[in-house]
Amino acid sequence: MAVDENSDAPTAARTRLPREIWVLVGAAFVIAIGFGLVAPALPAFARSFDVGVTAASFVISLFAVFRLGFAPISGRLVARFGELRIYVVGLCISALSSGACAFAADYWQLLFFRAFGGIGSTMFTVSAISLLVRLAPPQARGRASGMWATGFLLGNIAGPMLGGVLVTISLRAPFFVYTVALVVALVLSGLMLRGRTGGSPANDPDAAPAASFRVAWRHPAFRAALAASFANGWTVFGVRVALVPLFVVEALRQREDWAGYALAVFAVGNAAALMVSGRLADRHGRRPPVMAGLVVTAVGTGVLGLIGSLPLFLVVSMVCGAGSGLVNPPMTAVVADVIGSKARGGPVLAGFQMAADVGAILGPVLAGAVAEVSGFAAAFVLTGAVSALALLFWLRAPETLPGRSSAAVDASAAAAVSDGLTVPRPQGRDTGPSS
């Protein structure tokens, strides 16, 4: 496994993204809209079966647990059968799960069907990122990752707004519409990507051996990407959703709708940064935007709990969103650089996704416990410290942008060779461990 593509970083601005990348971006947007549709309906739908708040929350948590637990299996399936097959199967499972939830007759059926959907979710997520790695030109990976993340973000913004309207019609309606959205994504990607992504690895003579997580772990840039992924999951998918609405209502004494506005301005800042972060990563290297984003996120999140003014809180929330947007595309591009275009990176990408999922699960629990004992300010400081810890990994990580050489990467390759692994020698560009 190596960063062995012949490319020149300055050509990033001239590189056009393949049509297949835009198909993945469009499918991501459709999927995210559907996922956002059910977000406002799911807790209330669970409560409609006469269960408590804890039981209703467990429906959401179990989905994340199944995503996390099935991720390693998804990675191995991608390595064995190829990305497109697992992507299609994952979308089919998610569509069946959503449709079944719409017909759930009791709480336990809803719990089972929703958990089943977590399996499909991790299958199409891991395979989609793997497709992104293999199809994006090496010199445009940051831009491709940014466009894909933007597709998901815009869908997540539009979905809850439409879902709030559907809930007034019926608590089951969002699940029906989500099923339709998944079928649309399935048809869109299945037809337009068929025959364009390579077949089963066993039948692909040009495919490199499947990338090994154990070998990828030896690359300091990959370890830094895992740390940033964990911090991003903790901050963006965990604490932001769990604590920011409570802080707005309980500490700032604002109406509940202002909690939604606070999340919305975070998304605006995130979207704005995503549009430029990928291009910066392709032109100037992966490390600068990631490190800048982690600094902004650490400082911004750390001071959120100390703010007593709603307008200032909204401004800082937008800044934090921009920090997260700076991190995401180059972080994903680093993982793609380590894997390379030829290898199937399912196991490596599964581990990368699991880091974010673990952060999203642990963040609300630990930060929430700190908030109960020591207050919101301490909880946000803890969250900022997680991003600062991830920054320490990046201080020691080498640059992986193809065309940039690094002695640190050469040392990583030498260590892999000493472990009995085959690693291509550097040819005037960055190289990582190879399996």
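This note sets out selected residues and ring pairs of a predicted model.

1. Asp337, a buried acidic side chain. Asp337 belongs to helix α12, which covers residues 310-339. Its relative accessibility is 0%, so Asp337 counts as buried. The side chain of Asp337 has a partner in the side chain of Arg286, with which it makes a polar contact at 2.8 Å.

2. Ser145 is located in helix α6, residues 141-169. With a relative accessible area of 6%, Ser145 is buried, because buried means under 20%. Leaving aside residues up to four places away in sequence, Ser145 touches Leu132, Pro329, Thr332 and Ala333.

3. Asn232 and its surroundings. Helix α9, residues 220-251, holds Asn232. The relative accessible area of Asn232 is 10%, and this residue is therefore buried as well. When residues up to four places away in sequence are not counted, the contacts of Asn232 are Phe237, Ser324, Asn328 and Met331.

4. Asn232 and Ala356. The sequence separation of Asn232 and Ala356 is 124 residues. In space, the C-alpha atoms of Asn232 and Ala356 are 6.4 Å apart.

5. Aromatic pairs, and one of them in detail. The count of aromatic pairs in the model comes to 12. One of them is formed by Phe45 and Phe175, whose ring centres are 5.4 Å apart and whose planes make an angle of 45°, a tilted arrangement. Phe45 lies in helix α2 (residues 42-47) and Phe175 in helix α7 (residues 173-193), so this pair ties together parts that are 130 residues apart in sequence. Phe45 is buried, and so is Phe175. Two values are quoted for this pair because a pair of aromatic rings is described by the distance of the centres and the angle of the planes.

6. A cluster of rings. Which residues do ring pairs link into a cluster? The members are Phe247, Phe313, Phe376 and Phe380.

7. A charge over a ring. Where does the charged end of Arg114 sit? It is placed over the ring of Phe63, at 4.2 Å from the centre of that ring.

8. Points to revisit in the structure. For the tilted aromatic pair, they are Phe45 and Phe175. For the charge over a ring, they are Arg114 and Phe63.

Key:
Residues numbered from 1 in each chain as written. Predicted model: local features only at pLDDT ≥ 70, side-chain atom pairs only at ≥ 80, totals over all residues. Heavy atoms only, no water. Helix = DSSP H or I, 4+ residues; strand = E, 2+ residues; numbered from the N terminus. Buried < 20%, exposed > 50% of the residue type's maximum accessible area, 1.4 Å probe, protein only. Polar contact = N/O pair within 3.5 Å; in protein donor to acceptor, adjacent residues only side chain to side chain. Contact = heavy atoms within 4.5 Å. Phe/Tyr/Trp six-rings, centres within 6.5 Å; stacked < 30°, edge-to-face > 60°. Lys NZ or Arg CZ within 6 Å of the ring centre and 35° of its normal.
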